[in-house]
Amino acid sequence: MPGKVPITVAKGDGIGPEIMDATLHILMEAGAEIEPEFIEIGEKVYLAGNTSGIGEEAWESLRRTKVFLKGPITTPQGGGYKSLNVTTRKVLGLYANVRPCVSYHPFIPTKHPNMNVVIIRENEEDTYAGIEYQQTPDMTSALKLISRPGTEKIIRYAFEYARTYNRRKVTCMTKDNIMKMTDGLFHKIFDEIGAEYPDIEKEHWIIDIGMAKLADTPEQFDVVVMPNLYGDIASDLAAQIAGSVGLAGSANIGDHCAMFEAIHGSAPRRAGQNVANPSGLLHGAIMMLVHIGQYEVATRIHNAWLRTIEDGIYTYDIAKDRPWVGTKEFAQAVVERLGQLPQTLPPVDYTKGKDRKVAPVARVSVRPEPKRELDGVDVFLYNKTLSAEELGKKLEALAGPEFKLVMISNRGVKVYPGGYPETFTVDHWRCRFEGIKGPGTASHQDIRALLGRIEGAGLEWIKLENLYLFDGQRAYSLDQGQ
Ligand code: NAD
């Protein structure tokens, strides 16, 4: 037997210390071969003036052990505090967030007795890159980033997960009917990589109807892969309709490190009362044991937990009108059932078959460098005084000799030429210029000259977005009305 595996543990805030103590009690009693290293992160660190909520020593431990069991963290609102959860996922490259959502009918009330869905959420990109700006008094904006390598990794992970856990289907959900470039890329890569897994059924849903279907008939889904924001919403929804957000665990997987937690937060109103349900964190810890190859202990704990639920031992959140026990008493009930199997619910067995750890998927496709040509530029202006018509006439006069003004839009709707007076406008104008000599003929020098003329005419540009052709194809969206 190899020695004990060092793991980094943060008890967290609010109910965190209580549910972590309960979870570690069960792990130790079950014989987990782990050696916890405790670090302090979260509220205390934030309030001591570190806006990231995590200090150097904590990073050192994490990067050395590469396995992190984390209690929930309170992110103070406002004041420039960064979410520690988002920071940890991104700094450690934890690109896959895996959230199994299972119902335990008839023991835990649910409208969906046969639900067993695994949400696999992209964890590093999308609007969660957290790149936001206020550009004008009227306008704020966030960048939605979807990269090819990032998407290849998460999609491949979802298919590898399905194969490892004998799941029959992978569903992808995006909004690519509207966001054709970002969500469109996610969907396209799902189709490309899905073709490498002929043994697994594949389907794509537009996120709005897909989410409605997930809430209505979750038993039709198996593994679901989504960009970050949709996956965040869908996994809370799925956990709640399975029984309670207090039940589901979450694994954040990267190629070098992994972090395990409950999906819920620090529930500060419940803190210090010995009432919180430790099951979400325990399920995260079971995934951790599987990750470090301690399959037998993981199996023993999971089956003891199922038996505890079958025996009618509940914390308040799942008891509804039935009697309930406290956090410590629930944990002790699980410990007393170690070695027992559930009688009605299907038992789990992580020791059977092939390795339950999903193969690393760091590889991304190597593609020929596309031919890139600069086609033009979108110049964003702050303007409160000129109408669309006046702005259009002024910019037409400033566009030459390198560019022609193609259109002006406001909040994505074309307002010049040929706008409608009914269109509501704000102080943030996007002015599209294309190279006068035809597609792909603009240059950076031309753009600098254009900006000089715009500034000289007393207009204020606040942001630029270059327009490119990739292998001769337009690589930017047209506006509604263009
Ligand atoms: P929350 O998940 O902490 O709690 C919402 C409600 O769900 C609670 O009031 C409670 O009634 C119930 N609940 C949650 N977990 C429970 C458990 N284990 N047992 C019993 N009941 C439980 O969400 P919130 O109140 O929106 O957030 C509180 C704080 O947690 C915020 O600061 C937020 O930023 C943070 N948060 C952290 C994480 C994380 O660390 N991964 C995730 C989400 C929210």
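Mentor: Let's talk about the domains and then the ligand.

Mentor: This is a predicted model, where local features need pLDDT of at least 70, side-chain atom pairs count only at pLDDT 80 or more, and totals for chains, interfaces and linings use all residues. Residues are numbered from 1 along each chain as its sequence is written, and side-chain values use heavy atoms, leaving out hydrogens and water.

Trainee: Which domains is the chain divided into?

Mentor: Domain 1 (1-97 + 243-350), domain 2 (111-238) and domain 3 (372-474); the bounds come from an automatic or database domain assignment.

Trainee: What area is buried between domain 2 and domain 3?

Mentor: About 620 Å², with 61% of that from carbon and sulfur atoms. Buried area is the accessible area (1.4 Å probe) lost by two parts on being put together, summed over both.

Trainee: And how many salt bridges are there between domain 2 and domain 3?

Mentor: The count is 0, taking a side-chain nitrogen of Lys or Arg within 4 Å of a carboxyl oxygen of Asp or Glu.

Trainee: New topic: which residues are closest to the ligand?

Mentor: Ile-73, Gly-265, Ala-267, Asn-277 and Tyr-316 are the closest of the 20 residues surrounding the ligand, each counted if a heavy atom lies within 4 Å.

Trainee: What lies 3.0 Å from a nitrogen atom of the ligand?

Mentor: An N or O atom in the side chain of Tyr-316. For the ligand's oxygen atoms, a polar side-chain atom of Asn-85 lies 3.1 Å from one, and a side-chain N or O atom of Arg-269 is 3.3 Å from one.

Key
Polar contact = N/O pair within 3.5 Å; in protein donor to acceptor, adjacent residues only side chain to side chain.
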